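Please take a look at the predicted model below, which the following paragraphs lead through step by step.

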Amino acid sequence: MSTATSVRPEAPLPAADRPLLEVKDLVVRYGRGRTAAAAPAAVDGVSFSIAPGETVGLVGESGSGKSTIGKAILGLQKVSGGSITYQGRDITSAGASQRRALGGDLRAVFQDPNSSLNPRNTVGSSLAEPLRLRGVNAAEAWQRAGDMLERVGLPREAVDRYPSQFSGGQRQRISVARALICDPSLVVCDEAVSALDLSTQAQVLNLLADLRDERGLGYLFIAHDIAVVQFLAQRVVVLYRGQVMESGPASAVTENPKHPFTQALVAASPVPRPAEQAARRQARESLGVRTGAAATPGPGGCPFRLRCPLATDLCRDERPALRTAGGSDVACHYA
Amino acid sequence: MIPNTAPAPADETTTAAAVLPQTPGQSAAKKFAGSKLFGSPASIAGVIWLAALVAASLTAPLWLPFKTEDQDFTAVLSGPTAAHWLGTDELGRDLLSRIFASAAGTLGTSMITVIVAVGLGTLLAMLAAAAGDRAENVISRVTEIMMSLPGTVIILAVIGAVGTNIPLIMGILGVLISAGIYRVMLGQAKSLQSQLYVDAAKVDGMGMAGISLRHVLPGLTNTIVVQAALIFAVGMLIQAGLAFIGFGPPIPEPSWGGMIQGASQHVYDAPWLMVPTGAVLALTVLAANAIGNALGKAPNATASHLPSAAARRQRAKSVAAIAAAAPAPKDSAKDTLSVRNLSVGVDNGVRLVTDVSFDVEPGTVLGLVGESGCGKTMTALSLLGLLPSGVSVAEGQILWNGTNLAAATEKAMEGIRGREVALISQEPMRALDPMFTVGYQLTAAIRRLRGTGRADAKAEALGLLEKVGIVDAARILKTYPHQISGGMAQRVAIALALSGRPRLLVADEPTTALDVTVQAEILSLLRSLVKDTGMSVVMVTHDLGVVADLCDQVAVMYAGQVVENGRTDSILDNPRHPYTLALLAADPHANHAADMPERLATITGQVPQPKDWPSTCRFASRCQFAGSACTVPVPLLPSGAGDGVVRCVKADELAVVGLDWVATDIPARHVLSLSETRTVEKDHA
Ligand SMILES: Nc1ncnc2c1ncn2[C@@H]1O[C@H](COP(=O)(O)OP(=O)(O)OP(=O)(O)O)[C@@H](O)[C@H]1O
Ligand code: SF4
Ligand code: SF4
Ligand SMILES: [Mg+2]
């Protein structure tokens, strides 16, 4: 199946310190039967964990499998291998009723504020839906919907309005309210602020930070923008072609990246200070990372080898395992 | 048997409503349908006719002049008379009474077809959409078989076996038609299933049935109603047709089919007999069709997307007015763009861009930044004469090499577009035609814009692709747009834009849809193109990092105005306008991980709608430094840094005091909710 091995110590943990979420050797292939077996895995042996109250950022290029991992955790995508454990319970292939039994503990905020709320239902009815599914009576659900809207900075009366009557940023707040109304302990945010303008993005990021501090929430924060991730996350996992390249404390990964891909990713993110940006650009160009356009490596070996300036024969023949290097875990033979 | 096979959609809605509190949401689709229903005279007449028919039929015993079985042997097969307004049949029974008394029954049997066909078809479609590929394949195969069955033969066979049991026949007809309905509904059900709110409901643990009833079915109601009206008409016709060839309902009970069957036996000796029933039947079918057509009409089907003749006249007029107002100076430097007091407006008078001025020197890059809704794209499109229909330049000049593009005719613009001024857009795929190879599109553009021959154009195309950094250019020439990645497609789109050797490139968010790694490559490419060819670029972006990387000058736009303009380094390192200050403070890229603040600065509220732009400082409602001095129109004044300008009465004061746009803490939420309550209400009103 997968050759990935997590080298992190795996001593059994006492229940109190056990991670909120644990993803182990996750493999996801799209398609069915023979087509799936032939296709490269969209997620290929990914392992990470999230402690209670912790925010983990998941970054990578488009198509690297970020959303797929989020969907697998949320039960929206069938898993081909590995396991997902939530609060000690195996939810790798949990169905609708088991998910209901989680009691709204695991929730999601999606990217597109336009399609994440049903345009035909009022805001109140969308917010009440998860509560009603858990047997809360209509009057109380409605009450809590109003409370939650106030908490995310919208007027109570918004319960009677339709999503189309709100701006993108306001709709995204409603999505946040919907995710948090069941008092979850973990929220998967898939590009939750990517579609928003700078100032609106800052408002929603602050709101997420406020709610985290207030309620001890954990987030799996999926984004392609490493600066946005860095604002919210304590730890960052970097993906490339469905595999973890580097994972570690946010400051170490973003300030002192060890993996050649992470280095390229960080260097490419432009800063709004012209002189510093000019220096960064030079640094990026001197890295010598090749363009990703034509690079589809065959199976086995390091997935980044066709773009990597340091690649050798070893990189072609052997997939590098995650090993600890300077505070982070890095999957590179030469890091 | 039939009621079991066809759970009526109405029942399903009630079940859905039982799961959750009934809210106004459920009626949204119906309201929509209602407004369309009464939108055309034909459908209004149709609704009135059907309603009158049903009402008349149900109240028949109260007002009809005769009982349906009363026989008047003095008037057999008579035409209309004072006693029998619509005549009588072969037993002397009053046709008027019989037609109206039996209307409800006849309409009812057609409804069986409607309920079975639409109910079953919709159910299958929702099932196929919810249960995954395998189930969909099975259901689709089954419906294909159903559609290939010879319907007439089956119905005649059933009649042969069990006699003319009309409800049963209409039910079977419904089953046969349901395959077609399934076809119509499947695509729509699948797209509803793939919405993110369905994912959200799945995360809640909502089951397949719940999702189908609550999130898919309501989205299908419009189609359901349309199809029902059309099938209703089909049912009526088939019933009549069967009756005409002798398979009408059993005799004693009056029914339209029976009456047509009776009349068909007297076509020669009493042709009138067919007329009243036939006419009522025809009217009913027409009514159902009119209703179906009205409901099925796309909203705004009448509003064309092409510029109307009136809009074109309008543009010609405004162009002429602008040309008359300001004769263009002819002595401008080569390859210089100079936008002077540009205003862009909707034809109804609302301005989207007001009084924008900037210059772009040859070989330099100007960034246009600001939030969405600030008029960046409108400004950019006006440079190419590509404003959407209904929007035009209202005032000002766009001077390119001394020619005022704002006053240029469409014909003149065609000569300039692509050759002198070219566009690259956010969505590279929009510039590329999926039907043709990259090579075909590139060579066609080169031949059109440069007038080169076929062979030369091919070589040029190869060279262009290499110029935009594509390594295996020869292979890419042979591929179709969907076979290449987004970053590659944007390179090809840039190559396409370069094919006419433009001197000015207008780039509207060219890297927003790309990965940062690819963005960095595209920015480097643009930089080297500027350096090598000396062309200039107007770059629309919301990313201040992109501005820092590429732009020499930057114009910050807010609510249709330039609020600050000048050299990139002086503006980004030393912002003078509070809006620029706020954008930088809100940008997480502006901070290193080490000094990342606990909270980012935000700007309360949002950009106001163009119709609500005040005559005072437009940023005042959101500005942390707003004061009484800000309640007047604010002009652009020199900022003191080079030839920079800034539109803020307090710019000097702020520069001296060195104020920061602060990250507002929790109490700001109240401000936020207040200001947003206002905008929400405005939207609502
Ligand atoms: N429904 C699907 N069917 C088949 N392949 C899919 C499907 N969804 C995603 N993929 C493929 O799986 C891989 C991972 O995709 P995924 O959407 O997880 O990437 P991502 O990191 O979220 O990208 P982005 O930043 O563009 O959202 C990609 O190669 C993608 O093409
Ligand atoms: S393993 Fe080799 S190819 Fe992969 S990142 Fe490290 S040096 Fe580069
Ligand atoms: S003029 Fe006043 S309100 Fe407008 S930006 Fe300047 S300080 Fe703010
Ligand atoms: Mg994604």
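Residues are numbered from 1 along each chain as its sequence is written, chains are lettered from A and ligands numbered from 1 in the order in which they are written, and side-chain values use heavy atoms, with hydrogens and water left out.

Ligand 1 is surrounded by A:Tyr30, A:Ala42, A:Glu61, A:Ser62, A:Gly63, A:Ser64, A:Gly65, A:Lys66, A:Ser67, A:Thr68 and A:Glu191, where a surrounding residue has a heavy atom within 4 Å of the molecule. This shell divides into 2 nonpolar, 6 polar and 3 charged residues (Ala, Val, Leu, Ile, Met, Phe, Trp, Tyr, Cys and Pro count as nonpolar, Asp, Glu, Lys and Arg as charged, and the others, Gly among them, as polar). The side chain of A:Lys66 has an N or O atom 2.7 Å from an oxygen atom of ligand 1, and the side chain of A:Tyr30 has one 3.4 Å from a nitrogen atom of ligand 1. Taken alone, ligand 1 exposes 630 Å², and the protein buries 54% of that (areas come from the Shrake-Rupley method with a 1.4 Å probe).

Around ligand 2, the shell has 9 nonpolar, 2 polar and 1 charged residues, and among them are A:Cys302, A:Cys308, A:Cys315, A:Cys332, A:His259 and A:His333.

The second largest pocket has a volume of about 1400 Å³ (a pocket is an open set of points on a 1 Å grid where a 1.4 Å probe fits, with protein on both sides within 12 Å along at least five of seven lines, and lining residues have an atom within 4 Å of a point; the volume is the space filled by probe spheres set on the points). Of the 37 residues that line this pocket, the closest to its centre are A:Leu76, A:Gln77, A:Lys78, B:Gly132 and B:Lys202. H6(B) gives the most to the lining, with 4 residues (helices are DSSP runs of H or I with at least four residues, and strands are runs of E with at least two).

In chain B, 4 strands form an open antiparallel sheet in the order E2-E1-E4-E5, where strands pair if DSSP finds at least two bridges between them. Strands E2 (351–360) and E5 (403–404) of chain B each have a single partner strand, so one side of each is left without a neighbour in the sheet. Strands E1 and E4 of chain B pair over 8 bridges, and B:Gly345 stands opposite B:Ser392 in E4(B).

Key:
This is a predicted model: local features need pLDDT of at least 70, side-chain atom pairs count only at pLDDT 80 or more; totals for chains, interfaces and linings use all residues. A polar contact is a pair of N or O atoms within 3.5 Å; within protein, one must be able to donate a hydrogen and the other to accept it, and residues adjacent in sequence count only if both atoms are side-chain atoms.
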